Amino acid sequence: MNRFAELLDRLVLTPSRNGKLTLLVDYFRAVEDPDRGLALAAITGDLTIAAVKPAMLRALVTERMDPVLFGYSYDYVGDLAETVSLVWPEAEPSDSSHDPTLAEVVQALQSASRSDGPRVLAALLDAADVSARFAIIKLVTGGLRIGVTARLAKQALADFGKVDVAEIEELWHGLEPPYRPLFAWLEGKAPKPEKLAAALFRPVMLSNPVEDRDLEKLDPADYAAEWKWDGIRVQVVSERGVRRLYSRTGDDVSGAFPDLVRAVDFEAVLDGELLVGRPPEWTGTFSDLQQRLNRKSVSPKIQSEFPAFVRCYDLLQLGEEDTRELPLAQRRTKLETLVASLDPTRFDLSPQVAFSDWPALDALRTHPPHPIIEGVMIKRHDSPYLAGRPKGPWFKWKRDPFTVDAVLMYAQRGHGKRSSYYSDFTFGVWSGPEDATELVPVGKAYFGFTDEELRQLDKYVRDNTIERFGPVRSVRADRQQGLVLEIAFEGLNRSTRHRSGVAMRFPRISRLRWDKPAAEADRIETLTAMLD
Amino acid sequence: MPIFRAMRPRDLLCPKPAGLYCPPGDFYIDPVRPVARALITHGHSDHARAGHGHVLATGQTLDIMALRYGDDFAGDTQPIAYGETVTVNGVSVTFHPAGHVLGSAQIAVEHGGTRIVASGDYKRMPDATCAPFEPVRCDVFITEATFGLPVFRHPDDRAEIGRLLKSVAQFPERSHMVGAYALGKAQRVMRLIRDAGYDRPLYIHGALETLSAYYQEQGVDLGELRPATLGKGAKAEFAGAIVIGTPSAFADRWARRFPDPVSCFASGWMRIRQRARQRGVELPLIISDHSDWDELTDTIRETGASEVWVTHGREEALVRWCELAGIRAKALHLVGYEDEGD
């Protein structure tokens with residue numbers, strides 16, 4: 001338990017991806033089964049433990065200490081799980097006590113009855129030290145929130161076993177905690193686990209962005225083009241009566257889209273873009289789609305206002321036949337036939353875009369016919385469906401990003417390598433009447449600049465600070481003086497959480513406009529006009 | 001006939017804007033502004049300030065003040081040994097070890113049958129760089145409450161250093177930068193690293209050099225210390241190294257010379273995850289030179305004091321605890337002492 005607790009403590013404060021991978025790989029190497037598998041399940045969200053309500057936790061602790069002192073403590077710390085872990089009375093160390101394993105803790109929690117739950121939890125907390133108490137409370141209150149995605153955990157497994165992460169993703173949904181056969185395979189002690197379960201995820205094929213001069217060498221006749229839809233990539237899998245919807249990284253997202261899953265009445269594996277709307281007449285924007293994302297449950301009202309559908313562009317399996325080896329052109333023919341037989345409100349076909357040469361496609365790319373098209377995809381007619389991001393067969397060619405000139409307002413110190421640099425920048429645009437304009441923040445960006453530009457930005461922040469709030473500095477930014485940043489972004493959503501009313505997608509700093517007077521930066525109306 | 005009564009504590013010591021004042025002895029303890037006669041508990045700059053007329057303190061505290069402020073930091077100085085009693089205007093004053101930093105003392109003030117102990121900052125956890133705290137029986141115990149909340153329980157400092165050394169082994173290509181206050185904490189961290197068997201050179205920020213050299217002179221072995229200010233441009237030299245500096249140095253441009261640093265901070269505040277996160281600390285080391293909650297409450301009981309005065313920190317919780325324990329308690333609301341310094 002203590003090693004798991006230590007792992008959580010380290011992960012939560014380690015900002016870099018590589019740092020997290022090192023910590024995870026070392027943990028998998030040092031810890032035995034079944035603890036490491038249970039830790040993995042806890043991180044990927046695949047561990048089922050009956051949740052404990054905050055009120056119950058509070059009741060347990062105030063039975064053990066003065067409620068006033070607990071109140072002072074909670075006010076100071078601000079996080080219930082952490083406060084309880086810190087103030088829980090330390091048991092007198094006895095010779096018979098041993099450090100419980102993660103497996104013992106999970107076993108105790110999973111087998112506790114509803115009425116027994118509080119007593120079991122209290123006994124576990126009595127036997128644990130402070131770090132372990134925090135970990136136990138995190139396990140029972142649900143959601144570790146340690147900044148590690150399931151995808152990153154799978155990457156760590158791949159690094160640990162020196163295999164491709166696609167292999168892990170493909171197996172993942174057929175495996176159960178504590179994943180003994182998986183670890184045995186990764187350690188070279190057993191053969192690869194068989195894919196026995198139905199409706200497993202297939203690793204997806206990804207494209208490369210078109211770089212300068214990439215296309216010159218390619219013959220347009222070898223390629224098909226499609227619109228690049230600004231939804232989310234999904235894989236619809238239906239096998240032997242099991243129906244699943246997976247994200248691009250193999251997360252099962254079926255639960256959020258019951259309306260779509262209900263319409264799956266075929267045996268096949270489809271690759272496509274998840275969108276909302278009523279095809280063919282209405283395709284919703286990304287803001288519309290966001291109404292359906294990151295929700296635990298979806299109300300019938302939301303389901304009917306923002307119905308989900310898949311715009312299909314590839315076929316990986318049809319009945320018993322694995323079609324991934326076939327060339328794209330053949331897969332496409334089969335796909336067209338299949339989609340024609342499906343519920344047209346839930347599945348339609350991503351149309352191919354005819355073009356004669358690259359300049360013609362470029363014109364289509366830069367002036368797409370629909371706001372939710374963000375460019376074109378270029379795919380070789382003869383390409384098989386390959387896992388990962390092979391160089392050559394598929395390209396994405398996005399329309400140019402939007403840009404806006406904004407003024408630097410706040411800067412925050414970065415983490416890790418950048419901890420001595422002000423590297424996270426909040427910027428704003430002008431708003432209000434002409435005679436009383438003020439800056440309203442519209443976004444935050446921490447990349448897009450070169451190392452040299454970062455040095456210049458850092459110096460600018462240090463030289464022009466007007467106030468400090470912990471790691472954040474506000475810099476001088478008014479009509480007379482301020483640094484203008486050209487911000488590139490992919491789109492704009494309405495936001496009720498930001499004072500400006502807009503939220504940028506994927507903002508980054510594309511140019512430092514040392515030459516541009518702050519008063520000439522853009523106004524908020526430039527952005528609001530871009531909302532649909 | 002007047003009946004003999006012990007002196008009322010508030011007539012022996014009372015809070016004034018300049019600090020804790022003793023009217024019969026006409027002296028201040030740890031005054032925050034220049035006074036004619038000052039008794040100083042220890043060398044941290046919020047307790048030991050320059051410019052007093054006369055200073056009574058342990059020899060080590062006087063040395064530390066001289067190193068920080070120059071030899072002329074006071075009109076006149078008088079060293080006092082632990083356990084030694086001197087009489088100041090008829091008030092007897094005894095210094096006892098406080099276990100906080102090198103030279104730190106509690107000051108017992110006794111007059112007219114009443115004894116008050118002003119403990120300054122103190123801790124109970126063993127520390128190889130200073131003399132251990134000695135509980136002193138008293139009527140009134142004056143305590144700090146920097147970590148005066150039940151959430152603060154400092155773990156074994158050796159285990160914390162163990163985590164640092166594990167991380168050094170885990171990330172050999174990175175340098176580990178440990179933030180630690182220049183007086184006391186930094187040297188304690190160095191000593192703990194040595195006690196854990198690490199014998200490679202430690203790299204230190206320039207701000208730590210003088211005080212670390214003084215600790216070494218006083219017989220605290222810190223092993224080989226090298227300046228971390230040399231070798232500019234030779235980043236690779238510091239791969240796998242432990243670099244110790246003041247906390248502020250790590251936010252500074254100074255920190256850029258080190259390869260992909262793991263930022264560590266040795267402080268009792270690191271107990272709270274959000275504190276660590278705010279500062280961008282990757283590896284918090286919970287090492288404090290102040291008492292944690294259990295040490296505060298245990299110490300209050302050990303002194304047998306019937307009344308407790310709380311100087312600085314989270315007074316309300318400690319006062320509440322005293323009430324529950326049937327001990328009279330109040331907060332003194334002294335200003336000028338840094339709550340954050342640990």
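Select Tyr28(B) and look across to strand 4 of chain B: Tyr28(B) stands opposite Ala38(B) there. Strands here are DSSP E runs of at least two residues, helices are H or I runs of at least four, and both are numbered from the N terminus. The model is predicted: local features need pLDDT of at least 70, side-chain atom pairs count only at pLDDT 80 or more, and totals for chains, interfaces and linings use all residues. Residues are numbered from 1 along each chain as its sequence is written, while chains are lettered from A and ligands numbered from 1 in the order in which they are written.

**The sheet in chain B**

Now select residues 27-29 and 37-39 of chain B. These are strand 3 and strand 4, which run parallel and are joined by two bridges. Two strands pair if DSSP finds at least two bridges between them.

Widen the view to the open sheet. Six strands form it in the order 1-2-3-4-5-6, with mixed pairing. Color strand 1 (14-16) and strand 6 (74-79) of chain B: these are the edge strands, each pairing on one side only. On average, neighbouring strands are turned by 35 degrees against each other, direction ignored.

**The domains of chain B**

Color 9-151 + 290-331 as domain 1 and 157-285 as domain 2. These bounds come from an automatic or database domain assignment. Their centres, taken over C-alpha atoms, are separated by 30 Å. Domain 1 gives 16 residues to the contact and domain 2 gives 15. Residues are in contact if their C-beta atoms, placed from the backbone, lie within 7 Å.

**Where chain A meets chain B**

Move to the chain contact. It takes 27 residues from chain A and 30 residues from chain B. On chain A, select helix 1 (2-13), helix 2 (17-30), helix 5 (67-77) and helix 6 (80-87): these elements each give two or more residues to the side that touches chain B. Helix 5 of chain A has the largest share, six residues.

**Helix 5 against helix 6**

Stay on chain A. Helix 5 and helix 6 pack at an angle of about 130 degrees, with axes 9 Å apart. Axes are lines fitted to C-alpha atoms, for helices over the stretch in contact, and angles run from 0 to 180 degrees between N-to-C directions. The two helices of chain A are therefore oblique to each other: angles under 35 degrees count as roughly parallel, over 145 as roughly antiparallel, 65 to 115 as roughly perpendicular and the rest as oblique.

Finish by showing side chains.

Note on methods. Contact = placed C-beta atoms within 7 Å.
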